[in-house]
Amino acid sequence: MNEIVEKVNALSLEEQEAKLREIYPEFFEEKKTKKEEKKGLPPLPRAEKGKVVTRFAPNPDGAFHLGNARAAILSHEYARMYDGKFILRFDDTDPKVKRPEPIFYEWIKEDLEWLGFKIDEIHIASDRLEIYYDYAEKLIKMGKAYVCTCPPEKFRELRDKGIACPHRDEPVEVQLERWRKMLNGEYKEGEAVVRIKTDLKHPNPAVRDWPALRIIDNPNHPRTGNKYRVWPLYNFASAIDDHELGVTHIFRGQEHAENETRQRYVYEYLGWEYPVTVHHGRLSIEGVILSKSKTRKGIEEGKYLGWDDPRLGTIRALRRRGIRPEAIRELIIEVGLKRSDTTISWDNLAAINRRIIEPIANRYFFVADPIPMYIEGAKEFVAEIPLHPDHPERGVRRLKFVPGKPVYVSKDDMELFRPRNFVRLKDLFNVEILEVSEDGIKARFHSVDYEIARKNRWRMVHWVTEGKPCEVWVPEGEELIIREGLLESDAHVKVDDVVQFERFGFVRIDEVKDGKVRAIFAHK
RNA sequence: GCCCCGGUGGUGUAGCCCGGUCAAACAUGCGGGCCUUUCGAGCCCGCGCCCCGGGUUCAAAUCCCGGCCGGGGCACCA
């Protein structure tokens, strides 16, 4: 053996390769295909073209955010990749703790569509309660489920010891009677629960005889009101529906990994095949709160302006900032289906987004915190500046300089305005700074030629003459900074435009009202 | 405490299943240069990583064992 290895090692790499080609040509074939698979998402196990069915099952108790987007985008992406079907299923079976709200059913659908999803089917769990009841009854009849009336603490105690609760092994007729009492309202909330039988000695106590349906006295559910008092829990409704709707592949966060173990019992009892599951890690974005409960609290306390507050990580907030759906999609695909948690940085998302919006965003001058600059010795001049430097065909904006009237420059450039410094007003002319005071800047016309500024390495600033009022909201962590300023008057922007304020950053126009513009900062 | 799952540059991912082509690739970031009427974009150069310790092997980021660190679950929530 060693001898052979010695021999092989004695050969040069080329010789080894040549020999290998001779005796095992397939080796090289395999490598080629491996390389090609690298782009985009990896192939899905047990997936057949035309037969893949995926679903996204959010609880409509809050707005859709970047964290949820991972499961949603992966599900949709694979459905398309395999010419399959993508289902949106609202998991609204908790009218109490995680109470659904009507508006979120709409918003989630809208947000998915904005992301470019084609939704093949929509199902709502609260419409399907009777299906769950049928299966519950079926499982009870099979002796695979029972009605437990132990107080929760009592049950937990027994469960941890691996002991059956007193109701577990009672005859089916007794179970059915109790099941009817649950449905009839003869038990109050908390008095009875349907449990799925599992291995009582399962190493993980959390999976032992898990609860499948419980009672809620006054559900006042936004869709079904008080029609139903018995509600399925997540694991039960989800297990039934994934099979009923023909789901073949499930994408969900790793926090659900143990739920798979639980749900498999139902599949085993009913003789169903469990879908292929992919558990991915949690996705968060640097410095942004995604948690629905924290977001809701912040809104209630008045800290945030709403679910689309630009500081938030909801899809609506990102959209409002000028993040494009393709950028979000690209980001999620890049992060892929890794099981570990990932915290992506704003830089990362911004870089992807910038590449997408840079070619479409027209350029304008926005002067934040304007300071007047009085220029002596200059003649009237109209600056004609392309809307986009790489696309002259889009036309120009015109900014007119009138002698005797000041131009406005930004306080952000203050360090450049020192007496005897030279600066170029971009696309206008070069000036020498004479004096800086509280009232403004005094400057003297120097020359028109750009080459002069370039050769002397004079810095360039943007400016406006008579701008229109404009404010830019700049989210910075928990803060929302409002920059007041002037937007060049020839900027014909409308709501939803994504533009670049030169030397300031990319923004999305959020509102144009009474001649005043509000923009939201996306990124540099 | 019990039960899962992870750990590759500052950040995100590829490679791990099937050990050698990996002194590790791509993107972003940072530093520098070129170019350019945006200290923008683009182009070029540079910086920087296999959690630790053992083991198996001619050969380990890759396989095995142990540790450390991180995440998740242990709800009549989803």
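Arginine 503 is partly exposed, with 17 other C-beta atoms within 10 Å; the class covers counts between buried (20 or more other C-beta atoms within 10 Å of the residue's own) and exposed (12 or fewer), with C-beta atoms placed from the backbone. Arginine 503 has a positive phi of about 60° although it is not a glycine, and its place is the loop between strand E24 (498-501) and strand E25 (505-513). Helices (H or I, at least four residues) and strands (E, at least two) are DSSP runs, numbered from the N terminus.

This is a predicted model, in which local features need pLDDT of at least 70 and side-chain atom pairs count only at pLDDT 80 or more, while totals for chains, interfaces and linings use all residues. Residues are numbered from 1 along each chain as its sequence is written, and chains are lettered from A and ligands numbered from 1 in the order in which they are written.

Asparagine 220, likewise not a glycine, has a positive phi of about 45°. This asparagine 220 lies in the loop between E6 and strand E7 (230-232) and is exposed, with 12 other C-beta atoms within 10 Å.

Strand E22 (residues 468-476) pairs with strand E23 (residues 479-487) in the antiparallel sense over 9 bridges; pairing requires that DSSP find at least two bridges between two strands. Tryptophan 473 has isoleucine 482 in E23 as its bridge partner. The two strands E22 and E23 form a hairpin with 2 residues between them, and glycine 477 in the turn has a positive phi of about 60°. E22 also runs parallel to strand E26 (residues 516-523), joined to it by 4 bridges, and glutamate 471 stands opposite arginine 518 in E26.
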